[in-house]
Amino acid sequence: MNTDPIADFLTRIRNAIRAKHRVVEIPASNIKKEITKVLYDKGYIQNYKFDDSSVQGTIKIALKYNPTTKQPAIVDLQRISRPGLRQYRGADHLPRILNGLGVAIISTSKGVMTDKEAKVLNVGGEVLCYVY
């Protein structure tokens with residue numbers, strides 16, 4: 001049993017990138033689906049598909065690589081808030097990743113979004129992870 005499904009989600013993506021896989025398949029949940037949508041919107045993954053044929057469902061993510069250098073679009077994924085130590089930030093104290101080049105994915109009362117979107121909407125929340 002996974003005690004932290006978001007950490008498992010990020011680890012599966014991280015391992016697939018290191019192994020140079022094109023597609024990674026992950027058990028689905030609503031929060032994982034929302035994080036996947038944010039990763040797609042910000043251009044970190046090539047495509048995704050939600051398969052709800054089984055009870056839990058799966059998420060198939062097509063990873064994105066540079067066509068010439070074969071370098072992945074995602075350099076690093078870091079889990080910030082975890083079950084043992086939740087990390088919450090107000091709208092005025094949201095983190096800035098790599099001087100604005102990376103994104104922090106934040107779970108707010110208005111849904112899962114990036115730090116820049118949360119700052120525009122003036123909402124804070126739980127800092128789930130950093131992506132760059």
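Modeller: Along the sequence, the protein chain of this predicted model runs α-β-α-β-β-β-β-β-β-α-β, a total of 3 helices and 8 strands (DSSP runs, H or I of at least four residues for helices and E of at least two for strands, numbered from the N terminus). The radius of gyration, taken over C-alpha atoms, is 15 Å, close to the 14 Å that the globule rule (2.2 Å times the number of residues to the power 0.38) gives for 132 residues, so the chain is as compact as a globular protein of that length. Buried residues (under 20% relative accessible area, 1.4 Å probe, protein chains only) make up 42% of the 132.

Lys-32 belongs to helix H2, which covers residues 30-41. This lysine is buried but forms no salt bridge (a side-chain nitrogen of Lys or Arg within 4 Å of a carboxyl oxygen of Asp or Glu). Asp-8 is its nearest side chain of opposite charge, 4.7 Å away; here Lys and Arg count as positive, Asp and Glu as negative, with His and the chain ends not counted. Beyond neighbours within four places in sequence, Lys-32 is in contact (heavy atoms within 4.5 Å) with Pro-5, Phe-9, Ile-26, Pro-27 and Ile-59. For the chain, 61% of contacts between residues at least 6 apart in sequence join residues at least 24 apart.

Residues are numbered from 1 along each chain as its sequence is written, and side-chain values use heavy atoms, without hydrogens and water. Local features need pLDDT of at least 70 and side-chain atom pairs count only at pLDDT 80 or more, whereas totals for chains, interfaces and linings use all residues.

Note on methods
Buried < 20%, exposed > 50% of the residue type's maximum accessible area, 1.4 Å probe, protein only.
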